[in-house]
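Me: I have a structure open and would like to talk through a few spots in it. Shall we take them one at a time?

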There are 2 protein chains.
Amino acid sequence: MTSESAQRAIGVAVLGLGTVGSEVARIIREHSTDLEARVGARLELRGVAVRRIDGDRGLPEELLTTDAESLVTRDDVDVVVEVIGGIELPRKLVLAALNAGKSVVTANKALLAEYTGELAEAAERQSVDLYFEAAVAGAIPVIRPLTQSLAGDRVDRVLGIVNGTTNFILSAMDETGADYADTLAEAGRLGYAEADPTADVEGFDAASKAAILASIAFHTRVTAGDVYREGISKITSDDLDAAKSLDCTIKLLSICERIVDANGGERVSARVYPALVPREHPLAGVNGAYNAVVVESANAGRLMFYGQGAGGAPTASAVMGDLVMAARNKVHGGRGPRESKYAQLPIAPMGDIPTRYYVNMQVADRAGVLSAVAAEFANRGVSISTVRQEGAGDGARLVVVTHLANDAALSETVAALAELESVTAVTSVLRLEGTSE
Amino acid sequence: MTSESAQRAIGVAVLGLGTVGSEVARIIREHSTDLEARVGARLELRGVAVRRIDGDRGLPEELLTTDAESLVTRDDVDVVVEVIGGIELPRKLVLAALNAGKSVVTANKALLAEYTGELAEAAERQSVDLYFEAAVAGAIPVIRPLTQSLAGDRVDRVLGIVNGTTNFILSAMDETGADYADTLAEAGRLGYAEADPTADVEGFDAASKAAILASIAFHTRVTAGDVYREGISKITSDDLDAAKSLDCTIKLLSICERIVDANGGERVSARVYPALVPREHPLAGVNGAYNAVVVESANAGRLMFYGQGAGGAPTASAVMGDLVMAARNKVHGGRGPRESKYAQLPIAPMGDIPTRYYVNMQVADRAGVLSAVAAEFANRGVSISTVRQEGAGDGARLVVVTHLANDAALSETVAALAELESVTAVTSVLRLEGTSE
């Protein structure tokens, strides 16, 4: 197969010319010799779909088109790179490309978190590739290790810092002691937060990535709607101070976990929330806009993948790796791993998940308070790990850290504490992750 | 292709029944349902080659054979897993398997560091897979990220801690202040060092891995003989003290680097030696028997992969990932990435490599010593970064850290220093890596 097909070039269409699309187009054009040697055939950029053709885009104008639909089905296009963003338009274009027998490389986590099933089925029908390494953690190889390197192992847990904006904000709050609003504003000024930061700070972006990671880790279709989600907008500088006093920091985690019930039944949990992480945990040292993903599996033990999770060049690196693999398959025959959903485990609701809570309360400064508080935990079968009493008078506080218990029992306990006459206010509740318990 | 071939099973032969081979055989037999779903066909263990059939090996005796040569060419074997160790016997068996059209998965770094070229050519002739993720850094995905995820990027440097024995020893020396001999003995008692530790402590194992990493990172055939190598057996507790005073630790590094000459010509450097590493570098925190590999590339920036680099279960995880991929290709058609050696860059000799030196000298306690020492550096065009004078009288010392210079110039400078009348002894010379300079 190699010898004759090595003659013909592989045609590439790029949808979108933002920071990632521009980088991808540049690399295809500037590194053609290396890419040809790696693919086994020349990569030729056939066209780039843009919204408007105006101004200098750094590309010959005949490569630009506003007609994305025609571009993705052109006969001389073999692989389509989708880096538009959004959901409905890319969904339509990616489906059209797959149905026309093109392999697709996409960096679009929101699209994948909703429609991987539909897209994977189209790819399957046409025997083409659907690659998406860039959709999670930018340049950091995570999808390929999970789908290929660990294909013979049993993944039990994936714990990731996969959103650079929130990690930048939480790292800065940890370092400077500044509050959330000021730090968010600073992140915006530095280009780490968008004008509307909702998708990042409320955890939607991290939830899309959790859905993708859980799907491939557990061979089960998980969509964004299956992911329990809390953002970081309620985190205060007091929370970070309290974290420090417990020798922890606070990270927005995307957690994918295999939950094994007492009877051996298995379910999948996918969830996103800010959590206390002990300083000695490898994720605690991942700061600024960096990303990292920890994978725990039966035989490999704990692996960590670390690097730049966003930005034009790192994301383009991941897209280009996928593009070279998809093009190689077009030249040599064969396909990359297809969707694996054979396990189809049920999704466990958040209330069933074993977690640990940190609860910070303002309390009356008198005898018997601790006993009343402890009773609320005990009544719901929640075992307390540590209690610290701080301050006096109006500043009297109780800080409780629990052992593992069902999230529902913990959440009910917190509601009951708020009703206690001796508890003035429950000022902060956070989960604790990454401990050996 | 899928539907009919999904009917037949994929036959697996395992060569060697040590810790890794036993784990692989166990996983194939105990996880057949999962593996079948992932491969698209049942994986069936056809036989295990052992040196002697005696005692309980935890396997039905009819699976054991001492005739490895017949096993690897059996008609009902599709994939051969080689975990024997050594070089000449596995070379013969792997070649025979490949020539008989079997795909091969091997964890044998010493074999690959000598004979990847020969083996890859045999795989190419027969259009079968040769996978070796387990040969470098155990369970940590490194080969696949380099050959696939970064296939569209330009790797500039790979910096790895890829030998668990030496990392255990150096971490323990750093922590306890104990000397090399005692720590090596302790590592032996704890099972982290073999009875004859030469391959580990003299850097041969790390050099094999450096050859493999350099080959795939730079699309160039690099063999063990191309790798410059120094071991850790001369590292003293004084060196670790000195490292601490410079806010560094000492790690045995496998370094693969693209060296770009002033005229733009490119060469490859592959080298192994103990080096000072700044505490803030991500590799400085990799302790005990853990491994980590840092990859620096043009677009992805700095990535790090971290995990367990050795042991039966982690290595078996990597072997099983390769086995599932090789088996999938047998079922669905197609092949994984083949050897890429198109760049065929020349190997740069150690003398040409830009490095930084740390030099610790016992000196006469009198005026003019620093000037004489500084002159030796200046005469060879070596720029000094820091000098520290310590102690007095017989204990007077000079500790010099240089900027980047050619290794040959640095090495000549050290030889000249030893000849100086005012220098009683050059007590320690180490390179410094992982700095931004």
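**A buried lysine and its surroundings**

Reply: Happy to start with A:Lys209, which is buried, its relative accessible area being 6%. Please keep in mind that this is a predicted model.

Me: Which helix of chain A holds A:Lys209, and what feature does UniProt list for A:Lys209?

Reply: A:Lys209 sits in helix H11 of chain A, which covers residues 204-218. In an unreviewed entry, UniProt lists A:Lys209 as "active site".

Me: Leaving aside neighbours within four places in sequence, which residues is A:Lys209 in contact with?

Reply: Contact here means heavy atoms within 4.5 Å. With neighbours up to four places away in sequence set aside, the partners of A:Lys209 are A:Lys109, A:Ala135, A:Val136 and A:Val162.

Me: Is A:Lys109 buried, partly exposed or exposed?

Reply: A:Lys109 belongs to helix H6 of chain A, residues 109-126, and UniProt gives it the feature "binding site" in an unreviewed entry. Buried means under 20% relative accessible area and exposed means over 50%. The relative accessibility of A:Lys109 is 27%, so A:Lys109 counts as partly exposed.

Me: Which residues does A:Lys109 touch, not counting those up to four places away in sequence?

Reply: Two of them, A:Lys209 and A:Ala135, are named in the contacts of A:Lys109, and A:Ala135 is also in contact with A:Lys209.

Me: Now to chain B: how are H5(B) and H6(B) oriented to each other?

Reply: Helix H5 of chain B (residues 88-99) packs against helix H6 of chain B (residues 109-126) at about 15°, with axes 9 Å apart. Angles under 35 degrees count as roughly parallel. H5(B) and H6(B) are therefore roughly parallel to each other.

Me: What is the handedness of the crossing, and how do the contact residues divide into nonpolar, polar and charged?

Reply: H5(B) passes H6(B) in a right-handed crossing. Residues making the contact include B:Val94, B:Leu95 and B:Leu98 of H5(B), and B:Leu111, B:Leu119 and B:Ala122 of H6(B). The contact residues divide into nine nonpolar, two polar and four charged.

Me: Back in chain A, is A:Val399 buried or exposed?

Reply: A:Val399 is part of strand S15 of chain A, residues 397-402. Beyond four places in sequence, A:Val399 touches residues including A:Tyr358, A:Val359 and A:Val387. With a relative accessible area of 4%, A:Val399 is buried.

Methods
Residues numbered from 1 in each chain as written. Chains lettered and ligands numbered in written order. Predicted model: local features only at pLDDT ≥ 70, side-chain atom pairs only at ≥ 80, totals over all residues. Heavy atoms only, no water. Axes fitted to C-alpha atoms, helices over the stretch in contact; angles between N-to-C directions. Helix = DSSP H or I, 4+ residues; strand = E, 2+ residues; numbered from the N terminus. Parallel < 35°, antiparallel > 145°, perpendicular 65-115°, else oblique. Left-handed = near helix turned anticlockwise from the far one by under 90°. Nonpolar A, V, L, I, M, F, W, Y, C, P; charged D, E, K, R; others polar. UniProt positions renumbered as here; feature names shortened; annotations may be inferred. Buried < 20%, exposed > 50% of the residue type's maximum accessible area, 1.4 Å probe, protein only.
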